[in-house]
Amino acid sequence: MTASAHMQAPDTDPGYNFAYLDEATKRMIRRTLLKAIAIPGHQIPFGAREMPLPYGWGTGGIQVTASILGPDDTLKVIDQGADDTTNAVSIRRFFHRVAGVRTTTRTAEATIIQTRHRIPERPLTEGQVMVFQVPMPEPLFKLEPRLAETRRLHALGDYSLAQVKLYEDIARQGEGGSSYSHPVMVNHRYLMSPSPIPGFDNPKLHMSPALMLFGAGREKKIYAVPPYTSVVSLDFDDHPFRPVRAPHACAACGSTTSYLDEIVTDDRGGRMFVCSDTDHCAENQMARKAAE
Amino acid sequence: MYVAVKGGDAAIAAAHAWLAEQRRGDTALPELSAAQVAEQLGLAVDRVMAEGSCHDRELAALAIKQARGDLIEAAFLLRAYRNTLTRFPAAEPVDTGAMRVRRRISATYKDMPGGQVLGPTFDYTHRLLDFALLAEGEAPTPPEESEATGAPMPRVSDILAQEGLMRREPPGDDAPPPDLTRDPLPFPAPRALRLQSLARGDEGFLLGLGYSTQRGYGNAHPFVAELRMGEVEVLITPPELGFPISLGEITVTECQMVNQFAGQADTPPQFTRGYGLSLGHSERKAMAMALVDRALMARDLGEEVTAPAQDHEFVLLHADNVEATGFVEHLKLPHHVDFQSELEKLRSIRARWEAARNGVAEAAE
């Protein structure tokens, strides 16, 4: 408790403890995180608290970030890949207000990156921590909504429901899988929801040097993928998982490898495609200018 | 001598006088006016107008004041009043594409013609109690106004429809629309009646049902294609004139959700629309309505009906809070005649049960 007093940055709101949550709650969440890291991909229940942002808007991610944040951290917050989207701005402001930490939009500079729906394009490095906001932690919920039953299926490692669903999709549509939130096998043991990131980002979880933490506030679950852990998208040998992106080049930086947003430019069918990762796009544009 | 309890006019009169006194509260404080309710508790007024099926801010504010802030009671008062009004002809369909937009957001596109307009919203506020509001202070400074661009704001669902990715809605006909308030609901209910029922349905009930579809009870994959709120013109065509005239503007909130649909042998895979429209500014209601509307389409689309939100009778017969509150609360009425027969029945079957058990015990000895 005394530690928190001197951790209080000078320009933060004095009415609140450093990073909003009380120290005992943060410790409880850190213990949950340790357990989650020890059992990769396994969902650990935790006593999620009411936060001053609504459920579904990142309360799980915010609680995880609040629990691991120290005064020397540099925080980046993205939503849909971008730092300037409204919810990302709101969460970044929240941590600036209650923790006074340094914030950045640069992926390379960040020690903690809280995200909704994307993993940055720039490869992450050792020591970086990704915090994912998770709406539905249970990868099987669309196939079996009852949690007592899915817990049993995880214990038995019985993922036949997901495999049959994938088979049916392939049989009916010719291709498998969900375009986003496509389930992954973690460390060859637990089926895990990667959160609603596009399938395009799934491969970035595999053997990543960064620590991946997943927080679901409303559903009161935390799970994790430790650095250098095997993460494989659910697929079949003869129908391998295929990450999808719009087949265009970014209109701003020309990238043909990044994930793109589709922007409607008029009501006559006009479309433009730009990078969803705003930091990556800006870096590309700078590199381009430097080369010219 | 025993005297049977009678209804007691005096008791009822006293109870109602007490209620009126409670409603007024401490007379040392100024009385709340209906105009203050309409201005400063505007979202409560919007909810009462939606569930009361009557667009009149003043009457809804009065209902809230009279109901001591009980919004279901207020909707009930407004519904009861509404039925005393002479009925006009049905209005022309309101054109929400031509809405004077105060708020318009799309979750499916980062940007689109007309842009994202955040408008007056709780979204992105931090839910920290603002103790400054405890003191009566100065009016907040209004935000800077910028010139309206006048750029058209086509509906996002129309943009998707241009590409042929949206399931076409069946074309309308000239037949007068069915009216839930005049004829009982048939089952399975046609979509026009389902939407009428949902539009006046309880926000909390629809919220819970909509939420259940997101959690696996109904298999929804929704995206908010567009949520818009603002003013639309209401037009009627009086038969003696034969052309539409304007009655004025009302505030509505419209939500269009897109959901993936696997398609069938004769239908390509495509997006389907869940639709929500609510009187006033009520986003939670419009969104929940759009989720439930889509869930209720399961039957028409040949999807498996497994969840409560997909069941027409379950949803539509329990969504009306005026009906529901009446029947739940009627349990407070005297039921002693029925209960007496229940008592006698229980005594009788208990006597049999005891006799049977004693018989078993004797046989065992």
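Let's start with a charge sitting over a ring: Arg189(A) lies over the face of Tyr190(A), 4.2 Å from the ring centre. To count, NZ of Lys or CZ of Arg must be within 6 Å of the ring centre and within 35 degrees of the ring normal. A word on the ground rules: this is a predicted model, where local features need pLDDT of at least 70, side-chain atom pairs count only at pLDDT 80 or more, and totals for chains, interfaces and linings use all residues. Residues are numbered from 1 along each chain as its sequence is written, chains are lettered from A and ligands numbered from 1 in the order in which they are written, and side-chain values use heavy atoms, leaving out hydrogens and water.

Over all chains, the structure holds 8 aromatic pairs; rings of Phe, Tyr and Trp (its six-membered ring) pair if their centres lie within 6.5 Å, and planes under 30 degrees apart count as stacked, over 60 as edge-to-face and the rest as tilted. Take Phe132(A) and Phe214(A): their ring centres are 4.3 Å apart and their planes at 10°, so this pair is stacked. Phe132(A) sits in strand S5 (residues 129-133) of chain A and Phe214(A) in strand S8 (residues 211-216) of chain A, so the pair ties together parts 82 residues apart in sequence. (Strands here are DSSP runs of E, at least two residues, and helices are runs of H or I, at least four, numbered from the N terminus.) Both Phe132(A) and Phe214(A) are buried, meaning under 20% relative accessible area, with exposed over 50% and partly exposed in between (1.4 Å probe, protein chains only).

Tyr180(A) and Phe223(B) have ring centres 5.6 Å apart and planes at 70°, so they are edge-to-face. This pair crosses between chains, from the loop between helix H6 (160-173) and strand S6 (184-186) of chain A to strand S2 (residues 222-236) of chain B. Tyr180(A), at 24% relative accessibility, counts as partly exposed, and so does Phe223(B) at 34%.

Over in chain B, look at helix H5 (residues 71-82), which has 12 residues. Its buried residues are Ala74(B), Ala75(B), Leu78(B), Arg79(B) and Arg82(B). Down the axis of H5(B), these fall within an arc of 140° (taken from the directions from the helix axis to the C-beta atoms), so they line one face of the helix. They pack against helices H3 (42-51), H4 (57-66) and H11 (321-329) of chain B.

Key. The expected span of a helix is 1.5 Å times one less than its number of residues. Contact means heavy atoms within 4.5 Å.
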